Amino acid sequence: MASSFSLNSSTLLVLLLALLCCLQCSIVDSYDLLVGGPKGWVVPPSNDTDLYNNWASNNRFHVGDSIHFKYKKDSVMEVGKENYNDCNATQPTFFSNNGNTEFKLNHSGTFYFISGASGHCEKGQKMIVRVMIQDLHSKSNGYHVPIGVFEIVFVFAFVASYVI
Ligand SMILES: *[C@@H]1O[C@H](CO)[C@@H](O)[C@H](O)[C@H]1NC(C)=O
Ligand SMILES: *[C@@H]1O[C@H](CO)[C@@H](O)[C@H](O)[C@H]1NC(C)=O
Ligand SMILES: *[C@@H]1O[C@H](CO)[C@@H](O)[C@H](O)[C@H]1NC(C)=O
């Protein structure tokens, strides 16, 4: 009698753990994207000068996401709209040239990036990233967690009702 009980509850425990793992996955919801895909941050080929803006418009960015720039002998700058249009690299609001730059999209709205290497921006190594305004369906931290906790409590109540 007792043994069939313990078998039953340990099976449920495994199910519970599996469910917790699933919840854990849904809680991890900030993305870290490699700009431009495997090729990274380079001067685009001359027949594909919109490469980075095409890449950006094929992705949905949320506040809290990070984008990664990978490059060699180059740099990344965040600039204002006009300096983006003019490829003016004299006054960036952000600059990095360490070859592996993580940039956190910490607010909604538009970010403008250019290469700081001479002539690269003019050849299309530039990118506009639009970060969506937060809404209830967005994958930001905080919204999923209370739901997760609620589900865990629910599952515990379910398991308890089985075992007792
Ligand atoms: C650009 O040219 C290369 C080789 O000439 C080709 O493989 C590639 O598909 C072209 N890209 C575009 C976007 O047309
Ligand atoms: C580049 O931008 C700065 C201000 O951000 C401005 O003072 C400067 O004149 C600009 N240079 C050119 C060549 O447009
Ligand atoms: C975003 O990050 C930049 C650079 O770290 C900082 O200057 C800015 O205040 C931040 N904005 C918000 C809304 O946190």
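Modeller: A residue counts as buried if 20 or more other C-beta atoms lie within 10 Å of its own C-beta atom. In this predicted model, buried residues make up 17% of the 164 residues in the chain.

Biologist: Why is Tyr71 called buried?

Modeller: Tyr71 has 24 C-beta neighbours inside 10 Å. The cut-off is 20 or more, so Tyr71 counts as buried. Tyr71 is found in the loop between S2 and S3.

Biologist: What makes Gln134 partly exposed?

Modeller: Gln134 has 15 C-beta neighbours inside 10 Å. A residue is buried at 20 or more and exposed at 12 or fewer; Gln134 therefore counts as partly exposed. Gln134 lies in the loop between S7 and helix H4 (144-163).

Biologist: Which residues is Tyr71 in contact with, leaving aside its neighbours within four places in sequence?

Modeller: They are Gly40, Trp41, Val42 and Gly99. Contact requires C-beta atoms within 7 Å. By C-alpha atoms, Tyr71 and Thr101 are separated by 8.7 Å, although they are 30 residues apart along the chain. Gln134 and His107 are likewise 9.3 Å apart in space, C-alpha to C-alpha, and 27 residues apart in sequence. Among contacts in the chain between residues at least 6 apart in sequence, 74% join residues at least 24 apart.

Biologist: What is the pattern of helices and strands along the sequence?

Modeller: The chain has 4 helices and 7 strands, and their pattern reads α-β-α-β-β-α-β-β-β-β-α.

Biologist: Why are strand S1 (32-34) and strand S5 (100-104) said to stand at the edges?

Modeller: The open sheet has 3 strands in the order S1-S2-S5, with mixed pairing. Strands S1 and S5 each have a single partner strand, so one side of each is left without a neighbour in the sheet. Neighbouring strands of this sheet are turned by 25° against each other on average, direction ignored.

Biologist: How do you know that S2 and S5 pair?

Modeller: Pairing requires at least two bridges, and S2 and S5 have 5 bridges in the antiparallel sense. The bridge partner of Ser66 in S5 is Lys104.

Biologist: What makes strand S6 (residues 109-115) a partner of strand S3 (residues 76-79)?

Modeller: S3 and S6 are joined by 4 bridges and run antiparallel; since the requirement is at least two, the strands count as paired. Met77 stands opposite Ile114 in S6. S6 is also joined by 6 bridges to strand S7 (residues 126-131), again antiparallel. In S7, Arg130 is the bridge partner of Thr110.

Biologist: Which members of the largest nonpolar core touch the most other members?

Modeller: Of its 19 residues, Val35, Phe113, Ile114, Met127 and Val129 do. Helix H2 (51-57), strand S2 (66-70), S3, S6 and S7 are the elements that give two or more residues to this core. Leaving aside its neighbours within four places in sequence, Met127 is in contact with Val35, Tyr52, Asn53, Ala56 and Phe113.

Key:
Residues are numbered from 1 along each chain as its sequence is written. Chains are lettered from A and ligands numbered from 1 in the order in which they are written. This is a predicted model: local features need pLDDT of at least 70, side-chain atom pairs count only at pLDDT 80 or more; totals for chains, interfaces and linings use all residues. A nonpolar core is a set of buried Ala, Val, Leu, Ile, Met, Phe, Trp, Tyr and Cys residues joined through C-beta atoms within 7 Å. Two residues are in contact if their C-beta atoms, placed from the backbone, lie within 7 Å. Axes are lines fitted to C-alpha atoms, for helices over the stretch in contact, and angles run from 0 to 180 degrees between N-to-C directions.
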